[in-house]
Amino acid sequence: MRGLMNKLVSRSLSVAGKWQQQQLRRLNIHEYQGADLMNKYGINVPKGVAVSSIDEVKEAVKSAFPNENELVVKSQILAGGRGLGTFQNGFKGGVHIVKADQVEDIAGKMLGQILVTKQTGPQGKVVSKVYLCEKLSLVNEMYFAITLDRKTAGPLIIACSKGGTSIEDLAEKYPDMIIKVPVDVFKGITDEDAAMVVDGLAPKVADRNDSIEQVKKLYKLFCERDCTLLEINPLAETSSNQLVAADAKLNFDDNAAFRQKEIFALRDPSQEDPREVAAAKADLNYIGLDGEIGCMVNGAGLAMATMDIIKLHGGTPANFLDVGGNASEGQVVEAFKILTSDDKVKAILVNIFGGIMKCDVIASGIVNAAKQVALKVPVVVRLEGTNVDQGKRILKESGMTLITAEDLDDAAEKAVKAASK
Amino acid sequence: MATGQLFSRTTQALFYNYKQLPIQRMLDFDFLCGRETPSVAGIINPGAEGFQKLFFGQEEIAIPVHSTIEAACTAHPTADVFINFASFRSAAASSMAALKQPTIRVVAIIAEGVPMSDTKQLIAYARSNKKVVIGPATVGGIQAGAFKIGDTAGTIDNIVQCKLYRPGSVGFVSKSGGMSNEMYNTIARVTDGIYEGIAIGGDVFPGSTLSDHILRFNNIPQVKMMVVLGELGGRDEYSLVEALKQGKVNKPVVAWVCGTCARLFKSEVQFGHAGAKSGGEMESAQGKNQALRDAGAIVPTSYEAFEAMIKETFDKLVEQGKITPLKEVMPPQIPEDLNSAIKSGKVRAPTHIISTISDDRGEEPCYAGVPMSSIVERGYGVGDVISLLWFKRSLPRYCTHFIEICIMLCADHGPCVSGAHNTIVTARAGKDLVSSLVSGLLTIGPRFGGAIDDAARYFKDAYDRGLTPYEFVEGMKKKGIRVPGIGHRIKRGDNRDKRVELLQRFARTHFPSVKYMEYAIQVETYTLSKANNLVLNVDGAIGSLFLDLLAGSGMFSKQEIDEIVEIGYLNGLFVLARSIGLIGHTFDQKRLKQPLYRHPWEDVLYTK
């Protein structure tokens with residue numbers, strides 16, 4: 001389910017300073033929530049029930065799946081690689097297909113436990129819910145996706161009569177079977193568009209008109225819920241001649257959070273990095289990483305350049321932190337608190353280019369932060385731009401022990417050296 | 001998309017959603033460049049009209065404010081750039097409205113967080129109508145020495161340092177606004193500076209792309225080389241790779257794609273969305289840098305080496321004679337804003353108002369230095385507040401109590417007295433509270449309620465000069481002046497005014513000295529011997545007792561007492577007190593829904 005798309009490190013980072021407040025972090029929703037959403041739009045999905053306790057498991061098996069011999073038991077965490085993951089209690093595999101009478105036992109080993117996968121990092125993520133699904137017997141697997149396309153400046157439907165593996169693999173193996181249907185952004189999807197998609201999918205047993213309707217419903221969901229990616233892989237046909245979205249990946253446009261309240265209410269903070277939750281509260285653009293140099297930079301572009309140079313000098317950034325082009329002293333203090341609360345951070349690098357932002361504001365923020373939190377690690381500061389002299393004077397007069405740097409390169413070198421001590 | 005220059009020294013913009021600082025920065029940039037016309041022709045502020053005052057150099061100018069985009073475009077048909085500072089919620093709708101105006105050619109969207117599906121519509125519309133969208137999520141762009149969008153390039157100091165007030169030979173384009181500031185500095189250091197710089201914005205789908213602008217720069221003769229700063233993610237850089245491969249770009253391009261660090265995280269970090277359908281490798285910074293290098297761009301091995309590469313490329317162009325070094329000009333000094341100049345201690349300016357009784361600048365307002373919280377905590381009354389605000393000192397409690405009694409006694413005197421009557425007539429004419437109150441207050445003067453000061457003045461003068469009551473009264477009579485504070489329409493010697501008695505009793509109990517009161521009583525005794533209605537009235541009682549208060553409390557110097565009497569403080573007491581009654585009469589009439597008052601004919605003597 002978590003296709004290669006997850007790995008594409010792309011950019012929805014804040015740039016050009018933060019002119020307006022907005023939702024900065026990316027929304028991920030659980031599998032059962034996605035299925036529920038598709039079901040609401042009339043899209044065929046496997047029958048499933050999300051449960052959070054053994055009692056609920058018993059009840060669900062009895063009432064929802066009275067005639068099933070086998071069920072799929074899926075851990076619900078917001079990370080990929082569940083099938084190959086391992087629980088911290090030693091239990092292997094976050095997804096199991098089991099006989100109905102074993103569901104309780106298997107679900108019991110998952111609920112409340114920490115699942116570690118290659119995407120979660122070593123700390124893993126807690127499984128608060130498991131999703132019980134009917135086991136489908138599939139006769140055909142296809143690929144379907146809607147994305148926003150650069151070239152046509154609108155949504156693009158991608159379909160392939162083969163499915164089940166990643167689109168990259170499909171593109172390599174069956175380049176001729178992949179069809180792309182651009183949808184006019186003003187007109188919306190037409191019957192002809194949908195028919196072209198269905199012809200590309202070439203379902204073997206499902207009814208053509210029903211399939212056209214399913215495609216139109218998927219498009220409707222994509223548009224109405226401000227999706228940036230809707231990937232159904234596989235889009236399957238069952239032995240009962242039905243087209244079913246067997247597995248799905250939904251990405252939403254964070255920018256649309258203000259008008260998609262219902263979707264964004266599905267956010268599950270228990271699955272998020274607590275550092276990121278704290279940063280979001282202070283309206284900072286923060287992404288936690290696992291290196292040893294804490295970075296505080298203004299502007300996403302400069303933040304990336306800073307991280308690049310840290311790496312060049314053999315260090316690893318502990319985070320991406322953009323305080324924005326217009327940060328207040330208070331935000332700088334909060335940023336420092338987040339950086340210093342991270343045990344892995346062995347040195348802090350502050351890299352500020354004061355364009356609109358004034359260096360003296362940053363400097364006062366650093367001095368104030370030092371009063372409020374115990375600075376146990378060396379701090380390297382590079383200030384440049386507006387009011388740089390005032391900023392440097394404030395730092396100097398504060399009596400703090402800081403390592404000052406002349407330029408970005410110098411700063412990175414000193415930070416890496418300080419962190420390795 | 002336009003194929004050449006977007007801006008010139010005469011380009012004018014319409015600015016949507018008024019923000020003082022960015023506009024002032026644009027106008028300051030104009031002044032720095034020696035532009036003759038301001039680069040902001042008009043401002044659009046939904047629902048507001050009029051003018052905004054801003055500085056253009058030393059002069060103040062008034063920039064028209066329009067309530068709709070259509071009105072602004074009609075009023076300023078030559079303004080072809082639309083700078084949109086709307087919030088991310090409304091930026092898409094207002095940008096689309098602007099794109100639909102025939103006069104608008106370029107729309108810059110500053111807001112970060114415009115939903116992608118909305119941006120897609122803007123891009124589609126702009127493409128089919130040959131218009132340019134810069135942004136969203138951008139700081140904008142700048143053509144050195146000609147035109148600047150909003151906050152581009154930061155403060156004036158930064159602009160001067162980057163020599164953006166005059167054109168150089170380098171075309172620059174990046175995603176990030178913050179990094180463009182850094183790069184403007186770098187480029188100014190190692191070349192003759194920027195010709196034009198654009199930040200396309202950080203969204204997944206920018207309105208115009210890196211390659212759109214590079215191809216445009218390629219058509220501008222003054223641009224001799226291009227610098228591109230890309231970022232990991234997306235495939236935008238590949239359209240530039242294509243353009244390079246197809247030979248569409250014939251000027252040197254120095255490029256670097258940031259984000260090489262992204263590879264190093266063991267877990268699969270999700271920085272954001274992936275919109276495009278391609279392998280991860282292709283969207284990585286390394287992949288893009290390699291592709292650009294292969295296509296013929298000049299790509300350094302790290303960001304550090306970027307500056308050196310730019311310098312090398314520029315120096316080569318100079319050697320080849322393609323760039324002739326330009327003569328530096330000194331930009332004019334932008335006059336400093338008064339506020340910041342005062343703050344930094346550079347100038348001093350005279351104030352136009354002095355105030356000594358109160359201060360609202362601190363944590364809480366102060367009356368004569370006493371903060372509001374102490375006034376409440378110490379249980380002060382309205383008399384204490386009056387003593388602070390009128391006399392600028394805390395008077396003893398018996399004094400402030402006396403002031404309160406005066407106010408209570410003078411608060412009202414029935415509906416028939418002139419003031420109340422006027423208020424009632426006005427209220428019944430349907431006028432508002434303030435008008436009704438004021439029409440009553442305007443009646444206060446020498447014949448109605450205004451005798452306290454005069455009484456105090458004459459009693460004080462007579463007493464201080466040691467005149468006997470006989471000398472005083474007869475002297476006044478000779479001058480043809482009625483003794484103020486003496487005489488009543490109803491009260492008689494055997495039927496004293498109750499209010500006068502109350503005041504005098506209080507004073508005898510609490511005041512350390514009542515010499516002026518005693519003198520007034522002596523005067524009254526003499527006047528009563530002339531006529532039974534010449535009693536000391538409430539004005540005379542308050543006037544004389546206030547003299548005792550001022551003199552007896554020991555808190556005022558002689559000059560201060562003279563000044564208080566001279567300025568006419570004591571009438572203030574009556575005005576304040578009677579306002580309470582007049583307000584009451586207004587409410588009363590309104591509550592009773594009384595119709596317009598008309599005086600009856602039979603009550604008027606019509607005569608020739």
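Which residues does UniProt place under the feature "binding site"? The unreviewed entry names Lys74(A), Gly81(A), Arg82(A), Gly83(A) and Glu141(A). Such annotations may be inferred rather than shown by experiment, feature names are shortened, and positions follow the numbering used here.

This is a predicted model: local features need pLDDT of at least 70, side-chain atom pairs count only at pLDDT 80 or more, and totals for chains, interfaces and linings use all residues. Residues are numbered from 1 along each chain as its sequence is written, chains are lettered from A in the order in which they are written, and side-chain values use heavy atoms, without hydrogens and water.

**Stop one: Lys74(A).** Select strand S2, residues 70-75 of chain A; Lys74(A) sits there. Strands are DSSP runs (E, at least two residues), and helices are runs of H or I, at least four residues, numbered from the N terminus. Lys74(A) is buried, at 12% relative accessible area. Buried means under 20%, exposed over 50%, partly exposed in between (1.4 Å probe, protein chains only). Show its contacts (heavy atoms within 4.5 Å). Among them are Glu31(A), Arg82(A) and Tyr131(A).

**Stop two: Glu141(A).** Move to strand S8, residues 138-149 of chain A, which holds Glu141(A). Glu141(A) is partly exposed, at 31%. Its contacts include Ser161(A), Lys162(A) and Pro234(A).

**Stop three: the cores.** A nonpolar core is a set of buried Ala, Val, Leu, Ile, Met, Phe, Trp, Tyr and Cys residues joined through side-chain atoms within 4.5 Å. Select Leu164(B), Val227(B) and Tyr303(B): in the largest core, of 112 residues, they touch the most other members. Helix H9 of chain A, residues 300-312, gives the most to this core, with 8 residues. A second, separate core has 54 residues, including Ile386(B) and Phe506(B).

Conventions: Lists of a residue's contacts leave out its neighbours within four places in sequence.
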